[in-house]
Amino acid sequence: MAKQLPAGGGFKKVLYTLATAKRIGLKASAKALTSHNACKACGLGMGGQRGGMTNELGEFPAVCNKSVQAQSTDNQAPIPQEIFDHPLTDLQALTGREIEHLGRLNTPLYKAAGDTHFSCISWNKALGIAGQKLKAAKASRTFFYASGRSSNEAGYLLQLLARAKGTNNVNNCSYFCHQATGVALTNTLGTGTATVQLEDLHKADTVFLIGANPASNHPRLVHALKACRDRGGEVIVINPVKEPGLVRFALPKNARSLIIGGHEIASMYVQPKVGSDATLFAAIAKCILQNQREDRAFIQQFCEGFDGFQQAIDALTWPEIEAETGLLQADILALAERYARARAAIFCWGMGLTHHTHGVTTLEALVSLALLCGHVGKPGAGLLPLRGHSNVQGMGTVGVKPMLTAELVARMADTLGVDAPTSPGKDTMACLRAAHAGEVDFALMLGGNLLEAAPDTEWTKTALERIGCKVYLTTTLNRGHVHSASKSECLILPVAARDEEWQATTQESMFSYVRLSDGGIHRLDNVHSEVAILSELGQAALAEHEALFTELASHSAIRNAMAKCVDQLAPLATIDETKQEFHIPGRHLTRPTFYTPTGKAQFRPLHRPTASTSQAFPLQLISGRSEGQFNTIVYEEVDTYRGVNNRYTVLMHPEDMASLSLTAGDKVELQSATGSLTGFEVQPFDIQRGALLGYYPETNPLIGQALDPHSHTPAYKSTPVRVQKYTGS
């Protein structure tokens, strides 16, 4: 049997947070957390002009261990230059955690194509090389990539630089995360972002939490879930993995919760088969319709496509549902009854829904379920994708994506004199495939760790190696920097963290709330602003736009440009004077106003996924993050919530282990159609039969290049694999 695990949160997490703050220096951590800067962790958002530990509702203290973890790497001392006396092969031997914790990067690094070492060089030389390489590259043979941790100003300037160069090969990290969300919400509602604000979570009486683990990734959200339970509401968790922090959580701000060992979070926990969520949503809808609990008036007045949706639901049989979901009809009926009683329901989800080849159609099924009972377009109800990076949503808003609207293209031409190309740009995987084919000469990457964010690690490594010249803007080193530079030319430029910027910046939360960060914290003496670097590259490489990129070294000038080009960002024009942070207008749906071509929300046809397993690969691998991790950054090797001490571990249902004659602690070999891994340890866990959970990015070599045809997102959460005992040494 899987061992009983303690609740999430609690005194240990409080002590861990205090220890982390002590390690980076109490004065430094206090300054970082209390300054007027937005949190650098998840997209839930806090900080800005209300103060470092205050959210948009004025709640204090709004802080969690993830906030402190995010500060820990930024508050490191500089990497000793003696480190770079070692060859690249020595750096490649380090784990992700080891290389991230070498320290802060504080000098530009350069490696020519034939070199074996990085060399520390001057800023003049570094920018000269980068500018010359960008200028020489053919536009169609370039690509530009950004993580979601940079500012709106840096993101806007990056995409403008790409468009002025003549390419739409512009991407942000959401293409591997929530692109399926954006496509599905646009198809059904005409908007690609959350329809709710933070205050709605305080009004909801039912919260669905699907394919996400906020106990580890968005801890402050758990407070809202507990508050819903305190109001007598329901928190319904749908996840193949029984996450201990979603069963019980000891809230650090609640003394009683700490003393009694945590409060119950989930009022109902449902564990469907991996990837069967669309069928489950359809089954809930079937129960609603059979009992005539749908909001027929809402459907008739504000929706289209319902008849086709209902026909597909009616045709679905209970034997099919039970076989596909692994759930009993009685349990689904009980779940549907709780939903039918809801007055205001919010649906939250993470990458457990998006990371499949059918992510878009699954999310369209979820939107249809929300529409069925009228839970979109009213206070306290709606749709909430849980964003990871703190400003990934802002990156999309300011145009860091392959295609811009015709209106934005026209505005950029009229306002800035930049004629963006009209041919479609390549998404992230398309750019990597072009690189693998030797068709990319120059890549500019604003933060991130594309190597370990991408699937099929060895293939991705080869793709990045074949890029003629890579320029990275980063605060610390990661494995992506050193494992993609053995043969090719590489330049790594040290940048200021957001709260170190000497000009104010803005960020956007998952609730479409734009914060103003003051910056101004001084830690290192040889880092440059991201905007300053991008401005200089524009001046050096694009002679016809030299004056524009000189002007746009000013963050205020960039905000004025954004305000003129993007109507939703008009308040940026005066934010320097007013300091007035704002919600982006038009996204908060308190009334059933939809932005589809017909003005009505769309029920989409039901698409049930076909089984991806086979006799050769009978199990489904879910790749996930640990408690001591945020995105690709590993802060701690242990996963305290799941009771795992070794990241080279996979978690399986005890009966699946027994069927393979495996016992706890056995070493196993994992194989997929893409690759194999050996020496992983297996442990029993409360997880749906047929599934196993492994850590990201350690299991990425198993994940293939199968993509959702609509969002081009890889299937990180449903990779067919087989497991067998490892007999090697």
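## Ground rules

Since the model is predicted, local features need pLDDT of at least 70 and side-chain atom pairs count only at pLDDT 80 or more, while totals for chains, interfaces and linings use all residues. Residues are numbered from 1 along each chain as its sequence is written, and side-chain values use heavy atoms, with hydrogens and water left out.

Start with the 3-strand sheet. This open sheet has the order β1-β8-β9, with mixed pairing. Its edges are β1 (8-9) and β9 (263-264); each has a single partner strand, so one side of each has no neighbour in the sheet. Strands here are DSSP runs of E with at least two residues, helices are runs of H or I with at least four residues, and both are numbered from the N terminus. Two strands pair if DSSP finds at least two bridges between them. β1 and β8 (residues 248-250) run parallel and share 2 bridges, and G9 sits opposite A250 in β8.

Next comes an open sheet of 5 strands, in the order β10-β7-β6-β12-β13, with parallel pairing. Here β10 (268-270) and β13 (382-385) are the edge strands, each with a single partner, so one side of each is left without a neighbour in the sheet. From one strand to the next, the twist averages 15°. β12 (residues 345-349) and β13 are parallel and joined by 4 bridges, with W349 opposite P385 in β13.

Helix α18 (residues 329-340) lies across β6 (206-210), β7 (234-238), β10 and β12, and runs at about 135° to β10. For these angles, axes are lines fitted to C-alpha atoms, for helices over the stretch in contact, and the values run from 0 to 180 degrees between N-to-C directions.

In soluble globular proteins, nonpolar side chains tend to be buried together. A nonpolar core here is a set of buried Ala, Val, Leu, Ile, Met, Phe, Trp, Tyr and Cys residues joined through side-chain atoms within 4.5 Å. Buried means under 20% relative accessible area, exposed over 50%, and partly exposed in between (1.4 Å probe, protein chains only).

The largest nonpolar core has 61 residues, and Y156, L160 and L444 touch the most other members. Helix α7 (residues 152-165) gives the most to this core, with 8 residues. Which residues does Y156 contact, leaving aside neighbours within four places in sequence? They are V398, M412, L416, I558, A561, M562 and C565, where contact means heavy atoms within 4.5 Å. A second, separate core of 58 residues includes I236, L280, F309 and C373.

## Salt bridges across the chain

A salt bridge puts a side-chain nitrogen of Lys or Arg within 4 Å of a carboxyl oxygen of Asp or Glu. By this rule the count is 35. One of them joins K133 and E489, with the closest N and O atoms 3.1 Å apart. K133 is in helix α6 (residues 123-136) and E489 in strand β16 (residues 489-494), so the pair ties together parts 356 residues apart in sequence. K133 is partly exposed at 27% relative accessibility, whereas E489 is buried at 9%.

D441 and R141 also pair up, their closest N and O atoms being 2.6 Å apart. D441 lies in the loop between α23 (428-436) and β14 (442-446), and R141 in the loop between α6 and β4 (142-146), so this bridge ties together parts 300 residues apart in sequence. Then there's E698 with R647, at 2.8 Å between the closest N and O atoms. E698 is buried at 15% relative accessibility, and R647 is buried at 1%. There is also a salt-bridge network linking K40, D74, R104, R149, D499, E500 and R523.

E364 lies in helix α20 (residues 359-372) and is buried at 5% relative accessibility. Not counting residues up to four places away in sequence, E364 touches A184, N187, T188 and R604.

I321 belongs to helix α17 (residues 318-325) and is buried, with a relative accessible area of 0%. Leaving aside neighbours within four places in sequence, I321 is in contact with T279, A283, K286, L316, G326 and I332.
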